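Q: I have a chain open here and would like to go through it with you. Shall we begin with one of the helices?

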Amino acid sequence: MSSVLQVKHANKSYGRTDAVDSLSLELEELKIYGLLGRNGAGKTTLLNMVTGGVFPDGGEIAVHGTLLKKGDVPAQICYIREKNFYPGNARVRDVLQMAAAFHPDWDAKFASKLLGTFKLNPRKKMRQLSRGMESMVGNLIGLASRSPLTIFDEPVLGLDVLMRERFYRTLLEDYAEHPRTVLLSTHLIDEIATVVEKVFIMESGSILMEEEVEQIRERAHLVSGLGAALDTFVQGKRVIHGERYGNAGMAIVYGKLTKEDHKAAESQGLAVEGVPLQKFFAYLIEEGQTDE
Ligand SMILES: Nc1ncnc2c1ncn2[C@@H]1O[C@H](COP(=O)(O)OP(=O)(O)OP(=O)(O)O)[C@@H](O)[C@H]1O
């Protein structure tokens, strides 16, 4: 698989804040990725760097193998920002026309179809739109651009559940027919868990974990029972988080559990369950912070 985007030890500081701190990541062709992190983790700074809006203080960024130089705006990327800067007086159809001019693979027929799917009135002015409708205009542009790399920053902001589902479903349907690389940046892992293959979890400017969603599901366990039995069980295992209540407790353990592990847990009266992804994500970030 060839690489669409390669970031090597990129840095960006604002005063004393290291917004992005020696961060490396690679996106391959034809995959859907998630970029997860809490507010202030550095996601937007990273996305601004890879799309040419902010130049890194150090490190390298390559798009389709070509190193980004200062001032370069890679044409093969469609970046849908969390806050867009469309002129308020422009109508939806004008904004789509502008987007068509920017994106060489723009599909006008598909864009027209999506106006209906996303219930957008092309004659409406941008400033007359609700926050959710504004997000949908951005999402429509991201999809119709058919860009080799499409980046959505918080694409479902302000959308109701139905519209969120409609966006993700449309994305998956279109991806099946026109595979390309997509990066979804959000702080809600559950929302994208069924859509993305792999996630990058970001905290304090760095990548805390890079993992296939399926692997996380298989490897994240919540083990609970008596404290003494728990202590023995977790020895030599990666414990993401632990809590004690009297002589009982729980631990979030990350890693493959063998048949023997399961037998040992059962014999000690320990319960082993899966962990909801959003919870795992929160625990992992907490651990990342205490490690600093
Ligand atoms: N232009 C700037 N000037 C000063 N500090 C900045 C600037 N841009 C970002 N920062 C700081 O860098 C850090 C990372 O911010 P960034 O916006 O990249 O995070 P984020 O993960 O996108 O957060 P959110 O989810 O809230 O958008 C924060 O501490 C932020 O305050």
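Predicted model: local features only at pLDDT ≥ 70, side-chain atom pairs only at ≥ 80, totals over all residues.

Q: Which exposed residues does the face of α2 turned away from its buried side carry?
A: That face of α2 carries Met98 and Ala101. Residues are numbered from 1 along each chain as its sequence is written.

Q: And which residues of α2 are buried?
A: In α2, which spans residues 92-102, the buried ones are Val92, Val95, Leu96 and Ala99. They lie on the same side of α2 because they cover an arc of only 100° around the axis, the arc being that of the directions from the helix axis to the C-beta atoms. Helices (H or I, at least four residues) and strands (E, at least two) are DSSP runs, numbered from the N terminus.

Q: What do the buried residues of α2 pack against?
A: They pack against α3 (108-117) and α4 (131-145). A contact requires C-beta atoms, placed from the backbone, within 7 Å.

Q: Turning to the ligand, which residues surround it?
A: The shell consists of Tyr14, Thr17, Ala19, Gly37, Asn39, Gly40, Ala41, Gly42, Lys43, Thr44 and Thr45. A residue counts as near if its C-beta atom, placed from the backbone, lies within 6 Å of the molecule.

Q: Which element gives the largest share of that shell?
A: Helix α1 does, with 3 residues. Both β2 (17-28) and α1 (43-50) supply at least two residues each.

Q: Now the strands: how many bridges join β1 to β4?
A: There are 5 bridges between β1 (residues 3-14) and β4 (residues 58-63), and the two strands run antiparallel. Strands pair if DSSP finds at least two bridges between them. Lys8 has Glu60 of β4 as its bridge partner.

Q: What about β4 and β5, in which sense do they pair?
A: They pair in the antiparallel sense over 2 bridges, with β5 covering residues 66-67. Ala62 stands opposite Leu67 in β5. The hairpin of these strands has 2 residues between them, and His64 takes a positive phi near 50° there.

Q: Finally, how many helices and strands does the chain have?
A: The secondary structure comes to 10 helices and 14 strands. Of the 292 residues in the chain, 34% are buried.

Methods. Buried ≥ 20, exposed ≤ 12 C-beta atoms within 10 Å, placed from the backbone. Contact = placed C-beta atoms within 7 Å.
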